[in-house]
Amino acid sequence: MKVPDKKPLEQKNSDVNDVTLYRKKKKRAKLIRNLIILLVIVAAAVPIWIFRDTIFEPLRGIASKIPTTTTDSTGYPIDLSGRSDYSFYSMSDSFALLSDTYLYSYSADGGQIFALQHGYVNPMAVSNAKRIVIYDKGGHDFSLFNKTSRIYNLSIQDEVIVSVFLGSSEHTAVVTTGGRYSNVIYVYDGNGKWQYTQRFIDENIMQAAFSDDNRYLYITRVCSESGDIVTKLSKYDISGEGSEVWSAVIGDCVSMALRVSGDTVTVTGDSEIISYDSESGNQKGNYKYSGSVRCFDTSGNMTAFVFDDYTDDGNVLVLLDSKCEAVASIAADTGIKSVGVKDGKVTVLTETHLKVYDSQLKAVSDTLLDDSYSDFIYVGNSAVLMGYDKLNSISL
């Protein structure tokens, strides 16, 4: 049987249906393509956002990169020509050297990155793994640097700078005095933008430290109560109105250091060390010294102390955990210059040796020194030592 041909109207409807179907398929394909492109962009953007600090770090301060150097040589020892009051500051895989006229930046292998004539009358500095702040103590100016550039330079007029504290990222707390306040503390972010101010009338600020997320600021200050010297520790929320979250009082104690690590806030005083829960302010633990502190250092959940216990044994090296409980202790040399804690190990500098101990204070290494050194800092996997007229490096 012969199949009848389609009528003209039926043919026209079929053509319309084919065109509509084609358009739907094309639209669907375009939608799928756009969705794939979006997913690719998101997949690329997520790791960039997560590692943004590392990726964009080389661009920070690139417009103010400091091209000047005073030497092209690389390696140790580094000569300290025209001996003045040098101080040095660890910046993880690099370090800064500060004199009365210059700020120098060096790589871990001893190569000079830059040399800047700072112009400060009484230069002081603080550093973290990536940044260093230098300031004119008793003056008005301070600057934030990375290892290649100056990021910003600021001045606080009508008040003089007493001290500066740098958080684990870029937040800076500047303590001043002047006017009708004993101390004022100003907080700036990593771009030099002001964020917070707190003023004190009859209390002197000793230290300041930031929480890991830079939302909270912890401050220790010393004052007199009923004729007794006490230290006050307070937590402030600097993300909103700046209100005080909690406060604690430590009697008969002057704070020497303040550290925030995770959920623990630790105050190191001249008579004891005390740890607090960062959320509630409740005391976690404390350790009272049986003698005068010669030197100490803290890192992570460990604190190492060297103190003279006034016995025939001389100095004692004690290692404490985050609850201020003694993990281990050993007799120490009388000529100890400095102690440091890093990656679960303790390093001790004496008149003639650089000694390394594990987390139980068992000896790991003992290096005989070729000269007398006054201090050391950690730079990468080495210790850089300060001598009278040179810097040297010892691999750890």
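This note reviews the pocket, the cavity and the salt bridges of a predicted model.

1. Basis. Local features are given only at pLDDT of at least 70 and side-chain atom pairs only at pLDDT 80 or more, while totals for chains, interfaces and linings use all residues. Residues are numbered from 1 along each chain as its sequence is written, and side-chain values use heavy atoms, without hydrogens and water.

2. The largest pocket. The largest pocket holds about 1800 Å³ of space and has 43 lining residues, with Ser127, Asn128, Arg259, Asp297 and Thr298 nearest its centre. On a 1 Å grid over the protein atoms alone, a pocket is an open set of points with protein on both sides within 12 Å along at least five of seven lines, a cavity is a set where a 1.4 Å probe fits but cannot get out, and lining residues have an atom within 4 Å of a point. Volume is the space filled by probe spheres set on the points, which are joined across faces, edges and corners.

3. Pocket lining. Strand 18 (255-261) is one of the strands that each supply at least two lining residues, and its six residues form the largest share. Strands are DSSP runs (E, at least two residues) numbered from the N terminus. By class, the lining has 23 nonpolar, 15 polar and five charged residues (nonpolar: Ala, Val, Leu, Ile, Met, Phe, Trp, Tyr, Cys and Pro; charged: Asp, Glu, Lys and Arg; polar: the others, Gly among them).

4. The cavity. The whole structure has one cavity of 30 Å³ or more. Its lining includes Arg259, Ser261, Thr264 and Ser322, and strand 18 gives the most, with three residues.

5. Salt bridges. The search of the whole structure finds 12 salt bridges (a side-chain nitrogen of Lys or Arg within 4 Å of a carboxyl oxygen of Asp or Glu). Glu203, Arg221, Glu225 and Lys232 are linked in a network of them.

6. Glu170 and Arg131. The closest N and O atoms of this salt bridge are 2.6 Å apart. Glu170 lies in the loop between strand 10 and strand 11 and Arg131 in the loop between strand 6 and strand 7, so the pair ties together parts 39 residues apart in sequence. Glu170 is buried at 17% relative accessible area, and Arg131 is buried at 3% (buried: under 20%; exposed: over 50%; partly exposed: in between; 1.4 Å probe, protein chains only).

7. Glu272 and Lys288. These side chains meet in a salt bridge at 3.3 Å, N to O. Glu272 is in strand 20 and Lys288 in strand 21, so the pair ties together parts 16 residues apart in sequence. Glu272 is buried at 8%, whereas Lys288 is exposed at 55%.

Terms used
Helices (H or I, at least four residues) and strands (E, at least two) are DSSP runs, numbered from the N terminus.
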